[in-house]
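Keep the structure open while you read.

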Amino acid sequence: MFSESCSALTGQVQRGCRDPAKQGCVPLNMVAGSVALTGVPGGGPLEGSPAGGEYRMASPPDPLWGTDPVTVTVTGGSEANAFPGYEQTIQPSPVIAVTAPSADSAGIVGRDLDVQWEAGGAAYVEITLQVDRQGDTDTVVCLTRDDGCHAVPGGAIDWLTLNIAPTDRFKLRIARYDVTTKELDQRTGAEIKVVSRVEMTLPQ
């Protein structure tokens, strides 16, 4: 850990279970009768995959949302392990607008990296920095309030420079997260995340 809000991650990030071989660890794809997304351009029923459990918008707009609340409406399925019906709404924050740094900024090694964006009211902002090189998984991750500024410690950047080549660049990602959760029954819960992000590469 480089600071109270910035940590080092080594190796490939595993989403979901840490030990897929552990009993009950494999996520269960629960089928719903239907899933609809409203409050976005072109909203309406989502397409389900043949395997069940995944529902997608065929042609998502860009940007995906505007200023209206976004609502997910699920009709419960008839199967034994079907997902229960429910409705959940989230108010997305504006799409994140990063003001610093920029892709043509000066080198970042040997100093703190000041990241600035237009502040909003989201749950949090995640800043990740890694070497922009295939197979390199070491990552600095900072979680911070959506207040418009955060400094990635210079020590964290120095850690990433171990075994770095002179021509390598850094990949910076700034993501804004809105999150809402809802308990549906004793064994089922729902979570909606609305994420907007900016990615860029920076010189050493």
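## Surface and inside

The model is a predicted one, where local features need pLDDT of at least 70 and side-chain atom pairs count only at pLDDT 80 or more, while totals for chains, interfaces and linings use all residues. Residues are numbered from 1 along each chain as its sequence is written, and side-chain values use heavy atoms, with hydrogens and water left out.

How much of the protein is buried? Of the 204 residues, 35% are. (Buried means under 20% relative accessible area, exposed means over 50%, and partly exposed is in between, with a 1.4 Å probe and protein chains only.) Now look at contacts, meaning heavy atoms within 4.5 Å. Among those with a separation of 6 or more, 63% are between residues 24 or more positions apart.

## Strands and a sheet

The protein has 1 helix and 14 strands. Both are DSSP runs numbered from the N terminus: helices are H or I with at least four residues, strands are E with at least two.

Take the open sheet of 3 strands, in the order S8-S9-S12 with antiparallel pairing. S8 and S9 (residues 113-117) run antiparallel and are joined by 2 bridges. Across from alanine 100 you'll find glutamine 116 in S9.

## Two pairs of rings

How many aromatic pairs does the structure hold? There are 2. Rings of Phe, Tyr and Trp (its six-membered ring) pair if their centres lie within 6.5 Å; planes under 30 degrees apart count as stacked, over 60 as edge-to-face and the rest as tilted. Phenylalanine 83 and tyrosine 86 form a tilted pair, because their planes are at 55°, with ring centres 5.9 Å apart. Phenylalanine 83 is buried at 18% relative accessibility, and tyrosine 86 is buried at 13%.

Tyrosine 124 and tyrosine 177 are stacked, since their planes are at 10°, and their ring centres are 4.8 Å apart. This pair links distant parts of the chain, 53 residues apart: tyrosine 124 is in strand S10 (residues 124-131) and tyrosine 177 in strand S13 (residues 170-183). Tyrosine 124 is partly exposed at 25% relative accessible area, whereas tyrosine 177 is buried at 12%.

Note on methods
Pairing = 2+ DSSP bridges.
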